Number of protein chains: 4
Amino acid sequence: MINVGVLGATGYAGIETVRLLAAHPEVNIKKLISRSFAGQKISDVYQNLKGICDITCEELDIDDVAESCDLVFTALPHGASKSVIPELFEKGLKIIDLSGDFRYNDPEVYEKWYGEKHSAPELLKKSVYGLCELHREEIKRFRLIGNPGCYTTCSILALAPIVASGKADSRSIIIDAKSGVTGAGRSAALPNLFCEVNESLKAYKVAAHRHTSEIEQELSILAGEDIQLSFTPHLVPMQRGIFATCYINLTQKLTAEEAVGLYRKFYSGSEFVRIYDAGTLPEIKHVSGSNYAAVGIVIDERLNRAVIVSCIDNLIKGAAGQAVQNMNLICGLDEGLGLRAAGMYL
Amino acid sequence: MINVGVLGATGYAGIETVRLLAAHPEVNIKKLISRSFAGQKISDVYQNLKGICDITCEELDIDDVAESCDLVFTALPHGASKSVIPELFEKGLKIIDLSGDFRYNDPEVYEKWYGEKHSAPELLKKSVYGLCELHREEIKRFRLIGNPGCYTTCSILALAPIVASGKADSRSIIIDAKSGVTGAGRSAALPNLFCEVNESLKAYKVAAHRHTSEIEQELSILAGEDIQLSFTPHLVPMQRGIFATCYINLTQKLTAEEAVGLYRKFYSGSEFVRIYDAGTLPEIKHVSGSNYAAVGIVIDERLNRAVIVSCIDNLIKGAAGQAVQNMNLICGLDEGLGLRAAGMYL
Amino acid sequence: MINVGVLGATGYAGIETVRLLAAHPEVNIKKLISRSFAGQKISDVYQNLKGICDITCEELDIDDVAESCDLVFTALPHGASKSVIPELFEKGLKIIDLSGDFRYNDPEVYEKWYGEKHSAPELLKKSVYGLCELHREEIKRFRLIGNPGCYTTCSILALAPIVASGKADSRSIIIDAKSGVTGAGRSAALPNLFCEVNESLKAYKVAAHRHTSEIEQELSILAGEDIQLSFTPHLVPMQRGIFATCYINLTQKLTAEEAVGLYRKFYSGSEFVRIYDAGTLPEIKHVSGSNYAAVGIVIDERLNRAVIVSCIDNLIKGAAGQAVQNMNLICGLDEGLGLRAAGMYL
Amino acid sequence: MINVGVLGATGYAGIETVRLLAAHPEVNIKKLISRSFAGQKISDVYQNLKGICDITCEELDIDDVAESCDLVFTALPHGASKSVIPELFEKGLKIIDLSGDFRYNDPEVYEKWYGEKHSAPELLKKSVYGLCELHREEIKRFRLIGNPGCYTTCSILALAPIVASGKADSRSIIIDAKSGVTGAGRSAALPNLFCEVNESLKAYKVAAHRHTSEIEQELSILAGEDIQLSFTPHLVPMQRGIFATCYINLTQKLTAEEAVGLYRKFYSGSEFVRIYDAGTLPEIKHVSGSNYAAVGIVIDERLNRAVIVSCIDNLIKGAAGQAVQNMNLICGLDEGLGLRAAGMYL
């Protein structure tokens, strides 16, 4: 059994991690850390957990966490993780960080998109980008994982095979992404109110969203050249789910069937990625509530352009589920343990 | 391992049963029967099941079902179950019927509320009302279970302890119930369209809904006298969940704490019923996605009236989950096996 | 033309008042007061008003308001109105107050339900309860109107005719009400977040909601005796609309047709109340976006009980529309001027 | 006063036309034609219209329509309009057709995208594409108007100024569009059910949607060259609204402010198009319930690409409102008469 702690347990990514861990057969939850709800039972904050996980939330005490846990998930607001992770790392803990702080190979990229210096650039070298489908073998050798963002996971999974294939123009990429509202987190801010979100739709941070840099980093590695791309996030009135519609110009003829074949080969060892048959496309309800990613491909022969759509549950494959998948990998467990629940559909 | 079949697998109650069974550790799904989608893989109809359950749906062949299954769930439209269940029963199968056909002790009650003669009144005696929390021991001795309706489960669980206690006036009961839209099933009818349901709310079948008779039957047994009550169903723009607000006049002084104590005692052996502390009330998101029922009690001292609210996931505790709970009971398994997933909250 | 101001213009009730006033043929909007958005154009806060109403919001300056306006709508948080209204009244302004402060005949009732002393009890005598359908003639003689609450309007309109008729037991009233989320206002609080409200439903302030006292006050007048009743509010995942399901025991035989006749007679001069034919019931989408109230009646002959359902748009007939209706009355205009838009349905 | 009829009055575009016409000061509604609901009052089918428009729906009788009406709106399913419009035209009626049949200059384009021969190609020459902002003067001279599609209106308004400016590469256009569910019409089909749409999102008809051809036709005229572009429609769980995110590569330097200036100049005479200040973007709730289109522009300097977002209410500016705007133009009325209601925001 692995003894784990969750820092930032009462945010949306945090609580989803708790929910998954509570059902994981090889995990003991030892510590739940929450500044806002310290002293309260997690099951009084999220009553779906009554009788399932009734641990009391605590303020962070690093020594205490280090003593009782083998591994921690850090689901803290940006900045907060940066300040505690070096200490936790020092203590020898395995760390899966759900913030953006340890997702970069190059601190300069971080600094450009986050607008501040990275406070632990030396740790960046000791961390790995935790997109399991791309870095499975490396992940197993690390103990600090930069768990990818939700938009990022959805977008990279959609584009990795075609970019790696060399059959498309990697300067022509446009990603138009749509997210459910859990992606905005649990902060009590005006734009997150039901009546401001419901029956509406908006784009935000157009040409300026930080996840752009993660996607560019990973696709550049696959392409073997520097990629810059358009990424546009939208907020949609639903709770869970991210849907990415990706456009890329082809440089060679490619049928839809060939594209499907290419994608299936690329993901042949990856049980959580489902490539749809040519002529069919995924919808968010096919994956919502699960750790699966679903990808469908249309070849627009008229324009010689591929349109690839992909979807995930942003809280699971885009956050907590992927974090657990990373835990399984670095702890030598079956990669999919505790993650094979079907989506809900309804 | 139990070999099971699901008849009517592609309706909403049917597919939820399939989803739960696919994750049940003691079940082999052998047959999925669907008239509308015969010949198609269940995972092409509900793509959340891709790679999880890829069985091909078939037309009903009773001999074939009887040969390959020990137990069947019948989630057929009203009337359809009545005609196949006698034959299935004859073949020696265990049967959990999700329709209304085998929920009654008295065929005349059925005939009054359904407006037609019961076609197998002799089987009614061989069946039991499958509300596990009330009939646990009887259920274990039967092999034909009339699985309760969703409104019914929610309402009876809310009222059973107070009615059984004799501390309230059982002629004063009013149940005001609110259901999500999955309760209306998957028929492609105008009133079920997104644009007809969304951003609206309506009452329907006021003073005339069939579930009234199930609730009256069960509460009358507990009260030891004939109960008649008001039951008003409403349709609410959400997918899952039933919420019942129940009113009953007290005949004795009772504090909220005493009421909570009384309820907890009544349900002491029933892990799936959560009684909330006095001063707190459940919400649908506390149970949605789970087999749990949550009940909260307010005592209105000004009016000497109890207001009891309860909620369940209509597809799980109100249909598929309860059916699996019944299967566990009649097959001698741990009652909660495969049913202990936490609700989703988000 | 009437020169008007709106105090608290950027809350949900305030902005709906602005939207209606902007389209009213006899109104000039002179002042929009908002503490939070002072200095900003109203159309930068609510962009639906761009080019339609581009007035800049201001901090409150009572002299300035008194100088430029004949009439003000006060849509301030509870307490805030109480402190400014005496001064505004002093200056000779007509005032339509959307808070709870001036809805009571008896300051003791206010003090009991609001838990504090009323700060201007002498003004209560100079104000009238602005439910136009009940107090039309009085309203015309007053210049301080306590505009009714949303739950209240919906509930009283449903019950007034039957209570006034003497054909029912006024001690048996139960009102089970369901509200859209705009009813909770625009405060950036956790329980109002999209992800906390969506796909869920809850009851709140059971047996303790302040609107109970308004309903009891008005129905007691009609009954000629002191009425106490159960009122249970629920929050439903939709933006607009209130739906009240009301139960009352009959003391005389009454058919549905007779009840419809009785209701139509009661509301014969009230164009904004629609009584449905026996056998049909209203839904929120029949009135959403309009100033109409819709009422349907079921007589449960089995139990000798009437079940009356009514619905309104909480922001219009339950707040801003009713306020404009009151303005029309006290200014001697056609009562329905600017209020006859059809509901949106879609 | 203009005497008008609506053919196909009970579909979603039809009923929205009726709702707008009922409030139009220069219109008498004389005939409502509906095959499915002939014999029923329109206000029994859409109860929001009770007391506002209680006309009884009829089967189509062309002579009768021609006798009582000056102008008809045809909101019939595709194909149905084609067969009645030649006759109506023959009788001398003014016709505003909401189907796709009369939106093309070239019958071959129609035939390519609709997969069948056009049945009245000679009438195409006598019709005009009714996008008022582009063809205002021509529209005034015609009496058969091909009222544009909803996706089309939103997309063309977003791209027309930049394409016409010659400052961008018209071969690089990608339009990623998101629609509310009213866009799918009122047919009782499985994919339109609440539980299939809610909490999900999908793309459909990728690289194959008919509206692509309308957009290409109109932008090609503006560009002075043949344009082919990517258009991807998505279905989003909300009722009203279309949101188009449009990408186009710039061929010249252009700041956001310059772009805003260029757009405002282009639409200087068009009151229903709102161009947002640089740095701000529209959301669907800014226009929902109104005839306004809102457009915002981001210049991605890193990639030298413009990202233009636009939104409309698909039922109003994308269908019924635009139809009324066309009626106003061809009848010599003020173009915006009856169309200046603010959006609802809430």
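Colleague: At what angle do helix α7 and helix α12 of chain D pack?
Modeller: This is a predicted model, where local features need pLDDT of at least 70, side-chain atom pairs count only at pLDDT 80 or more, and totals for chains, interfaces and linings use all residues. Residues are numbered from 1 along each chain as written, chains are lettered from A in the order written, and side-chain values use heavy atoms, without hydrogens and water. Helix α7 (residues 132–139) and helix α12 (residues 316–330), both in chain D, have axes 10 Å apart (lines fitted to C-alpha atoms over the stretch in contact). They pack at about 30 degrees.

Colleague: Roughly parallel or roughly antiparallel, then?
Modeller: Angles under 35 degrees count as roughly parallel, and over 145 as roughly antiparallel. So α7(D) and α12(D) are roughly parallel.

Colleague: Which residues of α7(D) make that contact?
Modeller: Contact means heavy atoms within 4.5 Å. On the α12(D) side you'll find K317(D), Q322(D), Q325(D), N326(D), L329(D) and I330(D). From α7(D) come C132(D), E133(D), R136(D) and I139(D).

Colleague: How much area is buried between chain A and chain D?
Modeller: Each chain puts 45 residues into the contact. Carbon and sulfur atoms give 55% of the buried area (accessible area, 1.4 Å probe, lost on being put together, summed over both parts). The total is about 3800 Å².

Notes:
Axes fitted to C-alpha atoms, helices over the stretch in contact; angles between N-to-C directions. Helix = DSSP H or I, 4+ residues; strand = E, 2+ residues; numbered from the N terminus. Parallel < 35°, antiparallel > 145°, perpendicular 65-115°, else oblique. Buried area = accessible area lost by both parts, 1.4 Å probe.
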